[in-house]
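Biologist: Before I rely on any side-chain detail here, I would like to go through the model with you, one question at a time.

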Amino acid sequence: MGKRLARALDGPAVPRKRLKVVHEAPTSEEVKTSKQLQHLLSFTPDTARARHGLQSFKLFLDELLHPEHDPERLSLLEAYLEAVKPNADDENPVFLPDIMQLWSHAAQTNNENIMSAVPVVLDLLLRLLSKTLDTVPYGLGICRTLLQKRQQELIARNLSADKSKSFIISPTLRVLREAIAFDGGTIARPLFRARANMLKSLARNMGIVHIGDEPEDAKRPSTRTNAVLFFLSALRFLHAEAKKELLSQRDIVSALTRDIKQDPPYLVKDILDGLKVHVLLDDKLPREAKSALLNASTLTRLSTLYQYRLDSPGEDEISIADIAHEFLMLACTNPSCGVLRQDSGYYPREVDLNVTIPDADIDDLGLEAIVWMNKFKAEVPVRNYTLSNFLPNLRPWSSVKQSELITAIFKVAPELVANYFLNNKSFSFEPKLSATWIGYAAFLFNIVTLPIPAHFCRGSDFATLPPPTSIVIDNILPPPLNQKALTRCLNHKSNLISFFGVRILVVAIEKLDQAIKLYHESSHTNKTAWTEAAKRLVDEFCQRSPSIKDMINAYRSIPEANLMHREAASRLLRLCYEVLPQMALMAKFDVSPLLETCLRRLSSQELDDPRDFALSLKELENLLAIAGYSPGMRWLVASEGLSLSPFTMLLKVCLEAPHGVALEAIRQVLDFVAKEQQVVPASDHHPGLLVLLEALQALGAEKPESVVQVWPFLDNCLTRCANAPVKYVEKLQQIVLEGAKTLDTGLSEAVVSPLAIVMLEQLPFVAAKKDEQDKLRALGEFLPKFLGYSVTSGESKPVLDLIFCKMAEYLPDIKDRVEKPGVLGGLVFTYSDWSRHTKTSVCTQKSEKKPIASSEEGQGKETIDLETLEAMLDVTDALKADNSALTKWISKTVDELVDEGYLTALISLLVSEHASIRKEALVNILKAAAKIKQSEYEEKEQVWLLLSELAETARDKINDGPLPSTTVSFACHALNVLRDPLSHLYPKVNTFLIRGPSWNLDKPPLVTEILSEDPAIGDSWYAQSGWLLEYLLDGLRTPSDFELFHKKRLKGPLFERILTLAANPYLRAPLRMQLCRLIYRTTKIEGGSTTLITRLGIMSWLEAREADCLDPSEAVIYAGLRERIWDTCDQARVKSWSKSGLGHKV
């Protein structure tokens, strides 16, 4: 077969090759006149000439944009613009017609150089025209020209050019950016209406990023940079509805942040600042628009800026990571930013907070009667699904800021805590000393320290049923902190890991204690369910936490020098005894050795730093609290390693503590032990151990060396007094009898500290030892001070004088001086916050006030004056008419009418003395009822019914006189009940309203229902009785009102039925005070006091109450009321009625 011949090199069969495009730089010339500029920019199909003109114009504009340009050169541009300005009569005026025609011709001929050059000069021209107010009209004309159909098509073609042709796309984006921002966004609205062309390929153009190893040059921004800056300008100048439409474009919103991690620092700052100011903080922008932008993907991409590495901020500059952190904190924790949704606290999304379960079911099945109680152990549905999807993408163990972000989100959305840990189980909390573990440990610690929602939910009150136990325990002790992990932390060799385990258990138990208190709140309607839920919560916590044995062993293994660790461990054990006693009592713990070690460290003055002393003191307080729970603690017995007993060493610590260290807790323990061991008098008026402390401090200030000699003697006396208290009580009685014979006075009620008797007994033994003369001289200084302060504290001076005379026989130096004067009096407590005072009465008596005393005044009973009685019992008139209420309510919303008291003020006008006011009030009440009926108010039906029935009741009586105050007062208080569907009286008030269209004016509403019937909701009898007394008190204003109270009825007069409430021995003090206020209000009514005496037997009632009262401060109120009634009654009539017996008695 022969060789095939080659084809010819010409003809149609020749293969076509792509021609090589050569970009030649355009020529240019200097612009000197406007005529020259007009000639250069005139339309020509010659490409070279056209490029020459555009390049010359570009250089001219660059010159004018330079800060140091010649101002006269700007006049050339203005002359040119004026020359090419279209006629005002043109229907579609076109500015710069030659340039626009040149652009159109370039698009038709596919001349890319001119298609790029025209947007370049337009961008520079608009930028220049925006700088001077006189040239703004030209710029607006150019911008409007760009909005014409032909120019829109040219812009759209440029924007949709091939990705590789950034030299065409970028100038066009810059022109659009200058146009939308020109003159403060004047054409932003029409430009957005043309978004089909103006925003064409914007999402794609945002993806054309800078390519190369070198960072992007700010003077030659990439296509993405120009597209993003145009988008941000649009957000700045568009109105809310347009921004909403723009943000709904998912492709644009997604492209905005897709490559943000590779953007230059200045662009990232612009993006975050623009979104923050013009989206997040824009109150006019609806929430759904913000949510469309800040979805889980956007938040995740923004979170990658925590690892941004392209910036190198100076000392005073904020880094990109900090700016992103501030942005995410605002976006994720502020509900107005569109991401955060209102949750229900510890209640998942599917739980109805108002659901109720019969008590019988709870009693039979317990918490199992609540179907959703155990439902959320594997999955927790949440309302904040965006944040739920975003949080797993963060790395809190590697970044402090990310940890702060998650913690802040959990604080405002507690529902996410359990959901987060259920969806993130990959991280192991096996303790190991690494940066990752330490970061994760700090993150978990921050979560445990988060506060518990006030009512476990966002409502103003508790829900009917408790929250799921699994969710509560996950918030208190997150799942990674299980028993195995925490036990290994406590037993770890590293002090840091062990300290973390102790600290996190401390805050967890403190949080558990807060939760338990919320479970046991008295306001719960279903207390059985809440109580059982609290027990289950404690059981769950005990299963997750280490055993008490591990905690004790961890405490014992802590080195002595690690004071902070020891203080935290002692606090952990203390909390176990206080909050989890069932767990603490599972192991025997002898606190004595640890207490002695701490006391030895404090008393030996090894701690030079006051902060170290304060830490040891806190550890001591914790150990003392634990010792208080230990019945076998021997306070006044010295062990083998100590020369003094723990009690005396505590005294020594208090005396030698540095200035400013809080010692109140230790002093309380000392005082409690001293009274329990009968070392000091148990009287409430006696300062207890402060007498001894004051004497020791006074001696230490004068002669510090003497205090050292006193300690062994004092410890011996304290120990003997505690071991045989009866012995020294008997000796005290002997001394008292001896003093009574010597002084010939009665000392049977003399108060003397048993410690003084012990000192008197032991002093001769000290004096008998010749080697203890220094101790004897120190006692000679100490004992007079101790006995002197004992006199100041209220102890018997004659008995103390006798004791001191006996002591003086053994004391050196002062033997001759003390026999006659005895114990010095008048010593003042200087070092302790205690001053001698007696128990004061309810009020301070002043000489210018008239005192009122009880019937046994001469026996030292407390008194009260008339002014104080009035201040305690007189309340303001709640129905006082305010005629301005007729007009104030008109401009208010329904919520303001009901909640802020405008409607109550309007109802109160029905008791006005003027018929015209009452009639106008009735008309306005009907108008308000109609307004409420047409509103969206939740309780509108009940409020409308209340107002309508009140109006129907008052319609026929309004002309005869004011409505009874009890009726009007009931309407005002019932309105407050209807505002709150959780009120205990809500069912009773609604039942009353549906009985009939009008009310009986001779019978105050709901009296029988409250006094004689069981409460409709739970154990709320006291709360309902308080409400009844409050509305009756406000309804008792005039003689006609009082007639309703003492009118004869089937079950007796209303006032008698109210007074019988006091027969309840469990009636609370506030309710008893309300009864007293009701009586006092009656004494202010004409004839009220007389009727109280003659028809209701009030004097006998008050005497009985005074006799049964255990509180002297309350007894004087009843005595004062009797005096008040007698002063305000018709005494002549009462004397005649009682045949002068009552007047003589009063």
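Biologist: Over residues 5-14, how many contacts beyond four places in sequence does the model have?

Modeller: Where pLDDT is low, the predicted coordinates should not be read in detail. A pLDDT below 50 is found over residues 815-821, a stretch with seven contacts beyond near neighbours in sequence. Residues 5-14 also stay under 50, and the number of their contacts beyond four places in sequence is three.

Biologist: What does the secondary structure of the protein come to?

Modeller: The protein has 1146 residues, of which 52% count as buried. Among its contacts with a separation of 6 or more, 73% are between residues 24 or more positions apart. As for secondary structure, the protein comes to 59 helices and two strands.

Biologist: Which residues touch the most other members of the largest nonpolar core?

Modeller: In soluble globular proteins, nonpolar side chains tend to be buried together. The largest nonpolar core here holds 278 residues, and its largest share, 14 residues, comes from helix H26, residues 495-519. A second, separate core of 93 residues includes Leu1028, Leu1033, Leu1036 and Phe1045. In the largest core, the residues that touch the most other members are Leu77, Leu620 and Phe782.

Biologist: Which residues is Leu620 in contact with, leaving aside its neighbours within four places in sequence?

Modeller: Leu620 belongs to the largest nonpolar core. Once its neighbours within four places in sequence are left aside, the contacts of Leu620 are Leu595, Cys598, Leu599, Leu602, Leu650, Val653 and Ile666.

Biologist: How many aromatic pairs does a search of the whole structure find, and what is the geometry of Phe970 and Trp999?

Modeller: The search of the whole structure finds 22 aromatic pairs. Phe970 and Trp999 form one with 5.4 Å centre to centre and 80 degrees between the planes. Since an angle over 60 degrees is the criterion, the geometry of this pair is edge-to-face.

Biologist: In which helix does Trp1027 lie, and how many residues separate Trp1027 from Phe970?

Modeller: Phe970 and Trp1027 also form an edge-to-face pair, at 6.2 Å centre to centre and 80 degrees between the planes. Phe970 is buried because its relative accessible area is 0%, and Trp1027 counts as buried because its relative accessibility is 10%. The pair links distant parts of the chain, from Phe970 in helix H48 to Trp1027 in helix H51, 57 residues apart.

Biologist: Is Arg224 buried or exposed, and which backbone oxygens lie by polar atoms of its side chain?

Modeller: Arg224 lies in helix H12, residues 223-237, and it is buried, because its relative accessible area of 1% is under 20%. A polar atom of the Arg224 side chain lies 3.0 Å from the backbone oxygen of Met206. For the other backbone oxygen, the distance to a polar atom of the Arg224 side chain is 2.7 Å, and the residue is Leu256.

Biologist: Where is Pro396, and how far is it from Leu444, C-alpha to C-alpha?

Modeller: Pro396 is in the loop between helix H20 and H21, and it counts as buried because its relative accessibility is 2%. Beyond its neighbours within four places in sequence, Pro396 has contacts that include Tyr420, Gly439 and Phe443. Pro396 and Leu444 are 48 residues apart in sequence, while their C-alpha to C-alpha distance is 9.5 Å.

Biologist: At what distance from the ring centre of Trp944 does Lys933 lie?

Modeller: A Lys counts as sitting over a ring if its NZ is within 6 Å of the ring centre and within 35 degrees of the ring normal. Lys933 lies over the face of Trp944, and its distance from the ring centre is 3.9 Å.

Conventions. Residues are numbered from 1 along each chain as its sequence is written. This is a predicted model: local features need pLDDT of at least 70, side-chain atom pairs count only at pLDDT 80 or more; totals for chains, interfaces and linings use all residues. Side-chain values use heavy atoms; hydrogens and water are left out. Rings of Phe, Tyr and Trp (its six-membered ring) pair if their centres lie within 6.5 Å; planes under 30 degrees apart count as stacked, over 60 as edge-to-face and the rest as tilted. Helices (H or I, at least four residues) and strands (E, at least two) are DSSP runs, numbered from the N terminus. Buried means under 20% relative accessible area, exposed over 50%, partly exposed in between (1.4 Å probe, protein chains only). A polar contact is a pair of N or O atoms within 3.5 Å; within protein, one must be able to donate a hydrogen and the other to accept it, and residues adjacent in sequence count only if both atoms are side-chain atoms. A nonpolar core is a set of buried Ala, Val, Leu, Ile, Met, Phe, Trp, Tyr and Cys residues joined through side-chain atoms within 4.5 Å. Contact means heavy atoms within 4.5 Å. pLDDT is the predictor's confidence in each residue, from 0 to 100.
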